[in-house]
Amino acid sequence: SNNDNYVVCHQLTSLHHVQCPKIIIECKNYASEIANPEIDQLLGRFSNQRGHFGILICRNIFNTQLMIQRCKDVLHQQQGYLIVLDDKDIRELLQFRTSNEQERIDGFMNEKFDELIM
């Protein structure tokens, strides 16, 4: 919802100083691993007006450590903040939502963000 989006953006801005008036979300329905072209496409949507935080959703992350490293590389090149989620992550988040466990959603997303910045 819009209120949930506001809360997430507010937390990212106030706690982590991430500029994100909007959260850019892109979904890729690919059987293969997403790679640099897909990441670059999402980064192309970042701007000072839209923000510099995005979520890329794909069917599968075949090499989690490589994907996290790609996202860290984006961050270290000061291009923005990028988190990648796959079907398994989305199913888990939907279960939390169905069970009305907002705090578990927040914790899950905080863990993903911590993987990126740590």
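This is a predicted model: local features need pLDDT of at least 70, side-chain atom pairs count only at pLDDT 80 or more; totals for chains, interfaces and linings use all residues.

Me: Noted. What covers the buried residues of α3?

Reply: The cover includes α2 (36-43), β3 (81-85) and α5 (102-117).

Me: And which residues of α3 are buried?

Reply: The buried residues of α3 are M67, I68, R70, C71, K72, V74 and L75. Buried here means under 20% relative accessible area.

Me: How many residues does α3 have, and how far does it reach?

Reply: Helix α3 covers residues 64-76, which is 13 residues. From its first C-alpha to its last it reaches 18 Å, close to the 18 Å expected at 1.5 Å a residue.

Me: Let us stay with α3. At what angle do α2 and α3 cross?

Reply: They cross at roughly 40°, and their axes come within 12 Å. That angle makes α2 oblique to α3. The crossing in which α2 passes α3 is right-handed.

Me: Which residues in α2 and α3 meet?

Reply: N36, I39 and L43 in α2 meet M67, R70 and V74 in α3. By class, the residues of this contact divide into four nonpolar, one polar and one charged. M67, R70 and V74 are also among the buried residues of α3.

Me: Moving on to the other pair. How do α4 and α5 pack?

Reply: Helix α4 (residues 87-98) packs with α5 at an angle of about 150°, with the axes 7 Å apart. That makes α4 roughly antiparallel to α5, since angles over 145 degrees count as such. The crossing of these two helices is left-handed.

Me: Which residues in α4 meet which in α5?

Reply: On the α4 side they are D89, E92, L93, F96 and R97. On the α5 side they are Q102, R104, I105, F108, M109 and K112. The contact of α4 with α5 has five nonpolar, one polar and five charged residues.

Me: Now the loops. What is phi of Q78, and where does Q78 lie?

Reply: Phi of Q78 is near 55°, a positive value in a residue other than glycine.

Me: Are Q78 and N100 buried or exposed?

Reply: Q78 counts as exposed because its relative accessibility is 74%. N100 has 63% relative accessibility and therefore also counts as exposed; the cut-off for exposed is over 50%.

Me: Finally, the overall picture. How many helices and strands does the protein have?

Reply: The protein has five helices and three strands. From the N terminus on, they run α-β-α-β-α-β-α-α.

Me: How much of the protein counts as buried?

Reply: Of its 118 residues, 39% count as buried.

Me: And what share of the contacts comes from residues 24 or more positions apart?

Reply: Such residues account for 69% of the contacts with a separation of 6 or more.

Terms used
Residues are numbered from 1 along each chain as its sequence is written. Side-chain values use heavy atoms; hydrogens and water are left out. Helices (H or I, at least four residues) and strands (E, at least two) are DSSP runs, numbered from the N terminus. The expected span of a helix is 1.5 Å times one less than its number of residues. Buried means under 20% relative accessible area, exposed over 50%, partly exposed in between (1.4 Å probe, protein chains only). Contact means heavy atoms within 4.5 Å. Axes are lines fitted to C-alpha atoms, for helices over the stretch in contact, and angles run from 0 to 180 degrees between N-to-C directions. Angles under 35 degrees count as roughly parallel, over 145 as roughly antiparallel, 65 to 115 as roughly perpendicular and the rest as oblique. A crossing is left-handed if the near helix is turned anticlockwise from the far one by less than a right angle, and right-handed if clockwise. Ala, Val, Leu, Ile, Met, Phe, Trp, Tyr, Cys and Pro count as nonpolar, Asp, Glu, Lys and Arg as charged, and the others, Gly among them, as polar.
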